Each structure stands twice: as C-alpha cells, then as structure tokens.
Amino acid sequence: MKQKRNALNAATLKSLQATETIAQAAQREPFRAQLEAVEITPAFVATLRADTATCHQTLDDAFDADQDHKGRTTAEGVAHKALIAVLRRIQAAASQKFARDPENAHKLAQYGIGTNLLDSRAVLAQYAPGILSHLSTESLPGLGAAFVAQAAQALSTWTDAQSGQAAAQQTATQKRAEAQVQAKAITDRRIQVQYAIEGLYPHTLSENAAARAAFLLPKTRPFRG
C-alpha cells in the first residue's frame, strides 16, 4: 500500500503522516489528560486517526482506479484499431461495388466514405453503428455472415472498452476529490490539536521543547498553523 500512496499527492501524504504522528502523541499521557481538559477529547483524537486511515484508503482507491484506467485505455486502443480495420474492409468492398456505378455512387456516404473516421472517437461512435447496419440489408463483395458477425463483435468490444475506460476515469477523479475533502477536514482538526499544545506548552519555556517536538511544533517560536 505504501508504494501506491507514494505515487499520489506527496503534499497530502505528508500532511496525513503529520496527523498520524500528532494523534499518536495525543493518545499518550500526560498529553491525553491535558488535552481532554482543553476539549480535545480521546474520542476526538480516535476519530481523527480513523479518518486519517480512511483518507489513505481513498487515495489507494484513486491510485487503483488510475491503474485500471491505464489498462482499459490500452484495451480501448486495441479494440479501436480492430474496429477501424473492419470498417476499412467494409469501405473497400462498398467502393468496389458502387464507386464506378453512377446510379448508386451516393451509397458510398452510407459507409462513411468521405468522412474521416479517425478524426475523433466521437465521430467513430456516430458513424460506425450506421455503417454496420447497412450490412444487414445489402450484400458487399466478400463480406458474408461470418464477417458481419465479426464486425458486430468489433463494434461491441470497442463500445464496451470505451465505457469501461470512462468509468475508471470517473472513479479516479471522484476518489481524488473525496480525498481532497477528507484531507482538508483532517488537517483542520490536526491544527486544533497543535494549537491546544501551543497553549499548554508555550515556546517561551525551554523545558517544553520535547513536548512541542512530539506535536511537530517549532521549538523556539509560536505555532502559526
């Protein structure tokens, strides 16, 4: 898990680690009792630790979704290439049949001839189903039932790959946004603990240096958040 998290937002991870260090210190005596006296209760600290663990998991989920998206992007590329090959075969057969037939030359457009199917995924998604639909009503040279089935499968595979790719990307984006919100709430509460220690262990007394260090406070100057 650590390797996964390190591949994500370094600043967020550093902040979460600081929170865990501070929360652990807050659960030790004499800090535990002293903090409770200033309304930083054991339940507050326990919840802070639990929420920190949850945020780590959210970051891991975002990483996993990113990796899933990368894999699905590769699969989509393979499926895209296969579909384009099928469509070019159809277009070649349509051109063979209609290109030199003045009465039926208009049918070339039905097969996407004259349209750049590689212009974008959106263009391909718009035209591919229509191109394949004509195969069910009109025979083209060399394209029998087996090819029609192959073409339909190529379109289905690519469509599914696109959907999976988009879903993985959406999950990754959502999890990163969730982690950002969680981390903000965690940081706000961690700073509350640090300000409480600032009041209990002011920097003006040298004997407070060790306590301040345990809560990641500067030893010789005030904590400013």
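Is Lys184 buried or exposed? Lys184 is exposed, with a relative accessible area of 51%. Exposed here means over 50% relative accessible area, buried means under 20%, and partly exposed lies in between (1.4 Å probe, protein chains only).

Some ground rules. This is a predicted model, where local features need pLDDT of at least 70, side-chain atom pairs count only at pLDDT 80 or more, and totals for chains, interfaces and linings use all residues. Residues are numbered from 1 along each chain as its sequence is written, and side-chain values use heavy atoms, with hydrogens and water left out.

On to the salt bridges. There are nine in the structure. The criterion is a side-chain nitrogen of Lys or Arg within 4 Å of a carboxyl oxygen of Asp or Glu.

Start with Lys184. Its partner is Asp188, with the closest N and O atoms 2.7 Å apart. Both residues sit in helix α6, four residues apart, about one turn of the helix. Asp188 is partly exposed, at 36% relative accessibility. Helices, by the way, are DSSP runs (H or I, at least four residues), numbered from the N terminus.

Next, Glu76 and Arg121. Their closest N and O atoms are 2.8 Å apart. This pair links distant parts of the chain: Glu76 is in helix α4 (residues 42-98), Arg121 in helix α5 (residues 121-133), 45 residues apart. Glu76 is buried at 3%. Arg121 is partly exposed at 35%.

Last, Lys107 and Glu138. They form a salt bridge at 2.7 Å, N to O. Here loops are joined: Lys107 lies between α4 and α5, Glu138 between α5 and α6 (145-200), 31 residues apart. Both residues are buried.

Key:
Helix = DSSP H or I, 4+ residues; strand = E, 2+ residues; numbered from the N terminus.
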